[in-house]
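User: I have a model open and want a close look at one part of it. Please keep the walk-through brisk, and go on from there to the surroundings.

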Amino acid sequence: MRAIPVFVRRAAAAVAVTVACSSPQRARERSARELIDFVSGTSVFGPVNEFVASDLPEVRATGMFAVRTPAECEIGMIANGEDSFATRMQLLGAAKRTIRIQTLIFTGDESGLRVAEVLKQKKGQGVDVRIIVDGASNPSLQTQWMYFDLKQHGIEVEGYEAVGLQLVNELPVPFVSSNQDPNKRYHEKVWIVDAGTPDAQAVMGGLNIANEYFRVDPANVPRYWRDQDVVVRGAVLGDLTTMFDRNFAHFKALKAERGGMTDAAWEATRAIMGRTGTPAISFQQRDDLRHSVAALEARPVTREFRGARCRVLQSRPRLRESYIQQAHLKLLESAKHEVLIANAYFVPTPSIKLALQRAAQRCVRVVVLTNGAETSDTPGMNLLGRGHYADLLAGNTSDRVKACPNRDAGVEIWEWRGQRAKDPVPTQGLLHAKFVVVDRMLSLVGSYNLDPRSERLNSESAIVYEHPTLSDQLARTFVEQDLATSRRITAEEAARFEKPESVMQRFKKELAGLFEDQL
């Protein structure tokens with residue numbers, strides 16, 4: 001049988017990606033098979049032509065970053081939110097030239113206000129500081145005033161405009177090619193200091209900037225979250241900086257398309273303040289939480305780096321990119337023994353679901369950890385995610401899996417409870433981490449959820465790396481700590497989740513299903 005030419009396979013896969021984003025369920029399932037067939041046998045570190053690129057002429061494969069060698073990419077694991085805050089503040093304190101921060105959420109609470117205070121200090125010392133936030137995800141009045149204060153100190157905060165005018169930048173402009181859709185949000189999370197210098201380092205992963213991510217208040221269990229970051233250094237920071245800079249330019253372009261109205265509004269505000277003076281803004285804070293933030297900032301953290309082959313990934317669905325989805329599929333297709341997945345919002349799309357099932361049929365142990373009903377902050381997603389459990393677990397009873405020499409082969413689904421067996425009550429809230437470990441060799445850490453929103457709507461970032469020690473370290477945290485505060489779902493439970501006995505639960509599940517593509 002003649003091999004199918006590469007360009008034909010690429011075209012078919014490109015069509016599959018487009019159909020998967022726009023067609024009914026059966027067509028999506030067919031497209032999922034075509035996409036998995038395309039990526040099967042390829043590597044996350046493979047050439048660009050082994051990925052489906054954007055079909056937009058102005059984008060094409062320009063969004064794909066090169067593979068970095070271990071000499072160009074050094075990675076250190078960050079154990080928890082407390083260490084992430086300490087690491088981030090150490091980097092800010094040492095900043096001499098530039099600070100670049102993009103995050104979905106940057107809250108004006110005790111930790112966020114401390115970050116803002118240091119950013120203003122650094123700006124006053126001549127450091128170039130730029131921030132990107134998601135315009136629709138930070139509505140609180142105190143947070144908006146914090147952004148105002150940053151801007152009046154000369155720090156640009158894209159995704160914010162005075163008096164809520166950032167909403168003007170969300171509206172599509174007719175007949176203007178901005179690739180703008182108000183439902184396509186900016187979920188990337190990256191923190192870069194002094195890029196281009198020998199001391200440059202970056203933090204990336206799942207953490208936003210707010211008390212719950214940095215675990216400021218252990219007494220507030222629902223807002224004491226489990227998340228995952230890594231710290232990175234080396235030439236790979238050039239890719240992270242490029243990712244930030246093109247996002248920053250995108251926001252600038254959006255404002256220009258609207259005639260610079262929001263910039264003009266800010267300049268008018270600045271002119272008024274030039275005559276009246278800048279207002280002193282007071283913020284409400286709890287003294288005990290301020291002391292907790294100070295203690296976290298002073299927390300000693302040693303950053304241990306290891307060189308690893310790596311690649312930065314960015315997916316911008318508004319530009320028809322799906323690189324992180326494809327990376328997950330490639331990782332799942334390459335697995336030989338074990339896949340460990342921690343994902344906050346698990347509502348598997350057809351391609352991810354099929355890739356998980358195929359891995360199990362190859363005698364791979366596939367472990368998926370996501371939030372349970374007790375910890376999920378989005379109950380509708382939990383209902384939808386649970387509706388997929390029965391299908392995923394059904395394969396475990398197949399003759400193929402039963403015959404596997406690996407007795408652990410098959411799919412395991414665990415739900416995070418934030419409570420160890422010996423604890424009388426939960427001690428942690430939401431699981432917010434998003435990472436994958438394959439065969440204790442390959443890992444992916446980032447902002448990407450295994451749900452329709454991350455696949456089709458949100459801009460996302462991630463880093464994939466190859467290193468046995470780093471991957472084993474993350475795997476041991478997953479097995480020894482994360483699973484220890486979770487419970488395994490049985491096939492009987494999965495069947496009940498798929499077809500709830502309660503009329504109200506069935507109604508809620510059906511109602512949530514109407515919005516599955518948007519969650």
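Where is the place of Arg-320: in which loop, between which two elements?

Analyst: A caution before the details: this is a predicted model. Arg-320 sits in the loop that links β9 (309–315) to α10 (323–334). Its backbone deserves a look. The phi of Arg-320 is near 60 degrees, a positive value in a residue other than glycine.

Asp-439 also has a positive phi, of about 55 degrees, and it is not a glycine either. Asp-439 lies in the loop between β13 (434–438) and β14 (442–446). The cut-off matters here: buried means under 20%.

Eight strands make up an open sheet with mixed pairing. Their order is β4-β3-β2-β5-β6-β7-β1-β8. What stands at the edges? The edge strands are β4 (156–158) and β8 (306–307). Each has a single partner strand, so one side of each has no neighbour in the sheet. As a rule, strands of a sheet pair through backbone hydrogen bonds, in either a parallel or an antiparallel sense.

Strand β2 covers residues 98–103. In the sheet order, β2 stands between β3 and β5. Take β3 to begin with. β3 (residues 128–133) runs parallel to β2, and six bridges join the two.

Is β2 mostly covered or open? Mostly covered: six of its six residues are buried. The cover extends to both faces. Thr-98, Arg-100 and Gln-102 are buried on one side, and Ile-99, Ile-101 and Thr-103 are buried on the other.

Further along the sheet, β1 (residues 74–78) pairs with β7 (residues 229–233). This pairing is antiparallel, with five bridges. Ile-75 has Val-232 of β7 as its bridge partner.

Next, the helices. Thr-87 lies in α3 (residues 81–94). Thr-87 has a relative accessible area of 1%, so it is buried. A polar atom of the Thr-87 side chain lies 2.8 Å from the backbone oxygen of Asp-83.

Helix α12 (residues 379–386) is largely enclosed by the rest of the structure, because six of its eight residues are buried. Those buried residues are Met-381, Asn-382, Leu-383, Leu-384, Gly-385 and Arg-386.

Ala-253 is in helix α7 (residues 237–257). With a relative accessible area of 37%, Ala-253 is partly exposed. Ala-253 and Gln-428 are 175 residues apart in sequence. In space, their C-alpha atoms are 41 Å apart.

Last, the surface. Which residues form the nonpolar patch there? Met-504, Phe-507 and Leu-511 do, and together they have about 310 Å² of accessible area. Phe-507 belongs to helix α18 (residues 503–513).

Notes: Residues are numbered from 1 along each chain as its sequence is written. This is a predicted model: local features need pLDDT of at least 70, side-chain atom pairs count only at pLDDT 80 or more; totals for chains, interfaces and linings use all residues. Side-chain values use heavy atoms; hydrogens and water are left out. Buried means under 20% relative accessible area, exposed over 50%, partly exposed in between (1.4 Å probe, protein chains only). Helices (H or I, at least four residues) and strands (E, at least two) are DSSP runs, numbered from the N terminus. Two strands pair if DSSP finds at least two bridges between them. Patches are made of residues with over 30% relative accessible area and no salt bridge: like charges are joined within 9 Å, nonpolar side chains (Val, Leu, Ile, Met, Phe, Trp, Tyr) within 5 Å. Accessible areas come from the Shrake-Rupley method with a 1.4 Å probe; for residues, only the protein chains shown count as cover. A salt bridge is a side-chain nitrogen of Lys or Arg within 4 Å of a carboxyl oxygen of Asp or Glu. A polar contact is a pair of N or O atoms within 3.5 Å; within protein, one must be able to donate a hydrogen and the other to accept it, and residues adjacent in sequence count only if both atoms are side-chain atoms.
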